[in-house]
Amino acid sequence: MKKSLLAFLLIASASMFAAKAQAQAIVIANPGVKSSEVSKSDLRDVFTGAASSLKDGSRVTPVLLKSGAAHDEFLSEYIGKNDTDFRASWRSLVFSGQATMPKSLDGEAAVVDFVAHNSGAIGYIGKATPHEGVKVLGVK
């Protein structure tokens with residue numbers, strides 16, 4: 001019985017690890033963005049409305065996923081908020097007239113297409129998502 005339980009726990013752990021590895025979010029930008037890497041604090045500032053440019057002076061426009069594993073991971077890893085808190089903070093900025101809510105798209109392919117065709121656009125997708133026409137930014 002103990003061996004069966006141990007085997008089950010090992011398989012469950014491996015499955016969760018594999019799912020996490022597949023869902024890793026990557027940051028993408030329009031090819032016109034100068035930077036090839038961005039800091040976590042720059043990402044947090046841009047995606048929370050505190051900044052509209054990166055440290056190198058590149059003006060950027062964030063684009064969001066509406067939901068999904070990449071969205072949840074991006075918010076957790078780089079913004080430090082869950083979806084509810086993240087959207088509440090944006091609503092506060094919008095209602096106070098300090099900002100406009102970033103474009104929010106239904107799927108990762110739509111994010112890639114938007115980022116590829118809009119100067120200064122920056123977004124995130126799962127690393128397994130095809131991303132031709134955009135540049136991947138390293139996060140330091």
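Arg-87 has a relative accessibility of 15% and therefore counts as buried, the cut-off being under 20%. This value, like the others in this report, comes from a predicted model.

The side chain of Arg-87 meets that of Asp-83 in a salt bridge, with an N to O distance of 2.9 Å. Both residues belong to helix α4, which spans residues 83-95. They are 4 residues apart, about one turn of the helix. Asp-83 has a relative accessible area of 24% and so is partly exposed, whereas Arg-87 is buried.

**Salt bridges**

The structure holds 5 salt bridges. Side chains of opposite charge can pair when their charged atoms come close.

| Pair | N to O distance | Location |
|---|---|---|
| Asp-83 and Arg-87 | 2.9 Å | both in helix α4 (residues 83-95) |
| Lys-40 and Glu-77 | 3.3 Å | helix α2 (residues 40-47) and helix α3 (residues 69-79) |
| Lys-140 and Glu-37 | 3.7 Å | segment after β6 (135-139) and strand β2 (residues 37-38) |

Lys-40 forms a salt bridge with Glu-77. Neither side is classed as buried: Lys-40 is partly exposed at 33% relative accessibility, and Glu-77 is partly exposed at 42%.

Lys-140 forms a salt bridge with Glu-37. Here too the pair links distant parts of the chain, the two residues being 103 residues apart. Lys-140 lies in the segment after β6, and Glu-37 lies in strand β2. At 60% relative accessibility Lys-140 counts as exposed, because the cut-off for that class is over 50%. Glu-37, with 42% relative accessibility, counts as partly exposed.

**Largest pocket**

The volume of the largest pocket is about 200 Å³. Its lining is made up of 14 residues, of which Val-60, Thr-61, Pro-62, Trp-90 and Thr-100 are the closest to the pocket centre. Sorted by class, the lining has 8 nonpolar, 4 polar and 2 charged residues.

Technical notes. Residues are numbered from 1 along each chain as its sequence is written. This is a predicted model: local features need pLDDT of at least 70, side-chain atom pairs count only at pLDDT 80 or more; totals for chains, interfaces and linings use all residues. Side-chain values use heavy atoms; hydrogens and water are left out. On a 1 Å grid over the protein atoms alone, a cavity is a set of points where a 1.4 Å probe fits but cannot get out, and a pocket is an open set with protein on both sides within 12 Å along at least five of seven lines; lining residues have an atom within 4 Å of a point. Grid points are joined across faces, edges and corners, and a volume is the space filled by probe spheres set on the points. Ala, Val, Leu, Ile, Met, Phe, Trp, Tyr, Cys and Pro count as nonpolar, Asp, Glu, Lys and Arg as charged, and the others, Gly among them, as polar. A salt bridge is a side-chain nitrogen of Lys or Arg within 4 Å of a carboxyl oxygen of Asp or Glu. Buried means under 20% relative accessible area, exposed over 50%, partly exposed in between (1.4 Å probe, protein chains only).
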